[in-house]
Amino acid sequence: MRVRVLFFGVLKDIFPETVDSFQLPAGATVATLLDSFRAQAPQQEQLWTSLAVAVNQEYASPAQPLADGDEVALLPPVSGGNHASHIALVREPIRADALVSRLKQGEDGAVVVFDGIVRNNTRGRRTLYLVYEAYEEMALKQMQALSEEATQRFPVREFLIVHRLGRLEVGETSVLIAVASAHRGAAFDACRWLIDTLKTTVPIWKKEYFEDGAVWADGEPFPEQVKGLPVS
């Protein structure tokens, strides 16, 4: 059987091209495919034990069987229509003030905002600009899932999640999360949960460009239940 393999983040540097037709034996699993690529880049052992895998835009375990025609995405740790909320991936600048202003309603006692911006340095290296990329179809599905879970976890009225893709300059907003609620406690809790969970589950990656080179930013670890390959 044949499957299509997509690479993201640092994996795009290791395997520059999408593999549109990768041959696997009948009965192959996600682990079978991972072992094939792992053998081609054995020096990246830490990466192989921390990535996640999606099959047809859903997280998959190593034991999941593959079928002919499946689309398999290899996802390194991420750097990133709905329930009365605004969820979007955009390539134009995020206008935080205008978006937050439209969120406010008379019944709200609080709006809590997380405005993630591009800073001018990382660990002492001067940052020139950043580039964000995403597995877009899956990222939107995961952001939607976050919105649904947030409404079950927290007594909030509405929220928005907007993430920028492409090239960002220093000082620009990379991700905006805003939560509107009758009470500040729920708004604070929901906003913190949304950004922390987005950072570990939504397939968005960041490449940092410095004066002396460029590097994919180290991502935060995936939750154990979505990792693609166990430590051997």
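Two strands count as paired if DSSP finds at least two bridges between them. The exercises below apply this criterion, among others, to a predicted model.

**Exercise 1. Determine the strand order of the open four-stranded sheet and identify which strands stand at its edges.**

Step 1. The order is β6-β10-β12-β7, with mixed pairing.

Step 2. Each of β6 and β7 (110–117) has a single partner strand, so one side of each lacks a neighbour in the sheet; these two are the edges.

Step 3. With direction ignored, neighbouring strands of this sheet are turned by 5° against each other on average.

Step 4. Within the sheet, β10 and β12 run antiparallel and are joined by six bridges. Leu-160 stands opposite Ala-178 of β12.

**Exercise 2. Describe how helices α5 and α6 are placed on these strands and against each other.**

Step 1. Helix α5 lies across β6 and β10, and its direction makes an angle of about 155° with β6.

Step 2. Helix α6 lies across β7, β10 and β12, at about 150° to β12.

Step 3. The axes of the two helices come within 11 Å and cross at roughly 145°. The crossing of α5 and α6 is right-handed.

Step 4. The contact involves Gln-142, Leu-146, Glu-149, Ala-150 and Arg-153 on the α5 side. On the α6 side it involves Trp-193, Leu-194, Thr-197, Leu-198 and Thr-201.

**Exercise 3. Characterise the largest nonpolar core: which residues touch the most other members, and which element gives the most residues?**

Step 1. The core holds 30 residues, of which Ile-177, Val-179, Leu-194 and Ile-204 touch the most other members.

Step 2. Two or more residues come from each of β6 (86–90), β9 (125–134), α5 (136–153), β10 (158–164), β12 (173–181) and α6 (184–201).

Step 3. Helix α6 gives the most, with eight residues.

Step 4. Another core, of 22 residues, lies apart from this one and includes Val-3, Phe-15, Leu-33 and Leu-74.

Step 5. Beyond its neighbours within four places in sequence, its contacts include Leu-103, Val-112, Val-156, Phe-159, Ala-187, Cys-191 and Leu-194.

**Exercise 4. Decide whether Val-156 is buried or exposed, and list its contacts that are remote in sequence.**

Step 1. Val-156 is found in the loop between α5 and β10.

Step 2. The cut-off for a buried residue is under 20% relative accessible area. Val-156 has 15% relative accessibility and therefore counts as buried.

Step 3. Setting aside residues up to four places away in sequence, Val-156 touches Val-179, Ala-180, Ser-181, Ala-186, Ala-187 and Ala-190.

Step 4. Val-156 and Arg-184 are 28 residues apart along the chain, while their C-alpha atoms are separated by 9.5 Å.

**Exercise 5. Explain why strand β5 is described as largely enclosed, and locate the strand in its sheet.**

Step 1. Strand β5 (residues 71–75) has five of its five residues buried, so the rest of the structure largely encloses it.

Step 2. In a regular strand, side chains alternate between the two faces of the sheet. For β5, Glu-71, Ala-73 and Leu-75 lie on one side and Val-72 and Leu-74 on the other; both faces are covered.

Step 3. The open sheet containing β5 has five strands in the order β2-β1-β5-β3-β4, and its pairing is mixed. The edge strands β2 (19–23) and β4 (58–60) each pair on one side only. The twist averages 35° from one strand to the next.

Step 4. Strand β1 (residues 2–7) pairs with β5 in the parallel sense over four bridges. Leu-6 has Ala-73 as its bridge partner in β5, and Val-5 has Val-72.

Step 5. Strand β3 (residues 52–55) runs antiparallel to β5, and four bridges join them. Here the bridge partner of Ala-52 is Leu-75.

Conventions:
Residues numbered from 1 in each chain as written. Predicted model: local features only at pLDDT ≥ 70, side-chain atom pairs only at ≥ 80, totals over all residues. Heavy atoms only, no water. Core = buried A, V, L, I, M, F, W, Y, C linked by side-chain atoms within 4.5 Å. Buried < 20%, exposed > 50% of the residue type's maximum accessible area, 1.4 Å probe, protein only. Contact = heavy atoms within 4.5 Å. Axes fitted to C-alpha atoms, helices over the stretch in contact; angles between N-to-C directions. Left-handed = near helix turned anticlockwise from the far one by under 90°.
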